[in-house]
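Look over the model below before reading on.

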Amino acid sequence: MSGTLYLIGTPIGNLEDITFRAVRTLKEADIILCEDTRVTKKLVMHYEIETPLKSYHEHNKEQVTEYIIGLLIQGENIALVSDAGLPLISDPGYELVVVAREKGVKVETIPGANAALTALMTSGISSYSFLFDGFLPRKDSEKKDRLVSLMALPHTLIIYESPYRIKHTLETIEKIDCERKISIARELTKKFEQVETDNVTNIIGRLDMDINLKGEFVIVIEGSNGQNDVNWWSEMSIEAHVNHYVKEGLRNKDAIKQVAVDRDMKKNEVYQIYHVD
């Protein structure tokens, strides 16, 4: 009989934010898969967990997956954790779960802390309907196209950002809508936790002053209210504009037609530009 693959939520900062069930399962597992053994070692030492650690990260997951599946089929119980929060959520693990299910291995989730939802809860921005998009593209044009598309939607948007790119990302948001209400959260659950909510221009003005650019950031962006968004696509390329409608469920032909209507262009002009790009 095969073992079980446990997906275990771990603290995002404060080591007390872990469940009794998670600690017990980590102690009972045969192996703990983790992104960085140095990070997870602090957690297991704190809770006197003696289960051996094995690296499983973006750069070795293809090689390690086959080995781990073999152990699971032989009856081993494997725990998968990320450095912080929930595994698979903007972290490795998806491919392992897919293969485990294909092989008939039981997959069990033990929930825990999550930075995106923690930031949303304390932001003061609507939490009734929200969209999580993880990390944005690094290339400037791709980042801008992505934000233009997402900020046109009526849903609160949650993204992750590093301290090295937070300022540029906020400036990109400002170019799209300088009045948009946002919240930025850093060092969540830690001693110097900081959550600030204001319009994006005011937030940018406080960077490096009373908002320290250290720690990983969560950005929560208020959804579009439909006002002042008549030309929400104005900063998008035609290709991105068409792709936006395709992602919303339109066929390519209908998406091209809608872009032509939005931009007051001929449909064949949009078609030619889209397919040349």
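A nonpolar core is a set of buried Ala, Val, Leu, Ile, Met, Phe, Trp, Tyr and Cys residues joined through side-chain atoms within 4.5 Å. The model shown here is a predicted one. Its largest nonpolar core has 21 residues. Those with the most contacts inside this core are Leu147, Leu170, Ile173, Ile182, Ile184, Ile219 and Ile221. At least two residues of the core come from each of the helices α6 (140-151), α7 (166-176) and α8 (200-206), and likewise from each of the strands β7 (156-161), β8 (181-186) and β10 (217-221). Another core, of 17 residues, lies apart from it; Leu7, Ile31, Ala100 and Val105 are among its members.

Which residues does Ile182 touch, not counting residues up to four places away in sequence? They are Ile125, Leu170, Ile173, Glu196, Thr197, Asp198, Val200, Ile203, Val220 and Ile221.

Now consider the chain as a whole. The protein chain has eleven helices and ten strands, and its C-alpha trace spans about 65 × 45 × 30 Å along the principal axes. Of its 277 residues, 44% count as buried. Among contacts with a separation of 6 or more, 67% are between residues 24 or more positions apart. The chain exposes about 15,200 Å², and carbon and sulfur atoms supply 48% of that area. Its side chains include 33 positive and 43 negative ones, and the centres of the two sets lie 2 Å apart.

Two single residues can be looked at in turn. Proline 87 sits in the loop between β4 (78-80) and α4 (94-102). Is proline 87 buried or exposed? Proline 87 counts as buried because its relative accessibility is 9%, and the cut-off for buried is under 20%. Leaving aside neighbours within four places in sequence, proline 87 is in contact with Leu7, Ile8, Gly9, Leu80, Val81, Ser82 and Pro92. Glutamate 35 is 52 residues from proline 87 along the chain, and their C-alpha atoms are separated by 9.5 Å.

Isoleucine 73 belongs to helix α3 (residues 61-73). With a relative accessible area of 45%, isoleucine 73 is partly exposed. Not counting residues up to four places away in sequence, isoleucine 73 touches Met1, Ser2, Lys103 and Val105. Of these, Val105 is also among the residues of the 17-residue core. Isoleucine 73 and histidine 241 are 168 residues apart in sequence, and their C-alpha atoms are 46 Å apart in space.

Key. Residues numbered from 1 in each chain as written. Predicted model: local features only at pLDDT ≥ 70, side-chain atom pairs only at ≥ 80, totals over all residues. Heavy atoms only, no water. Helix = DSSP H or I, 4+ residues; strand = E, 2+ residues; numbered from the N terminus. Buried < 20%, exposed > 50% of the residue type's maximum accessible area, 1.4 Å probe, protein only. Contact = heavy atoms within 4.5 Å. Areas by Shrake-Rupley, 256 points an atom, 1.4 Å probe, with all protein chains shown as cover. Lys, Arg positive; Asp, Glu negative; His and termini not counted. Charge placed at Lys NZ, Arg CZ, Asp CG, Glu CD.
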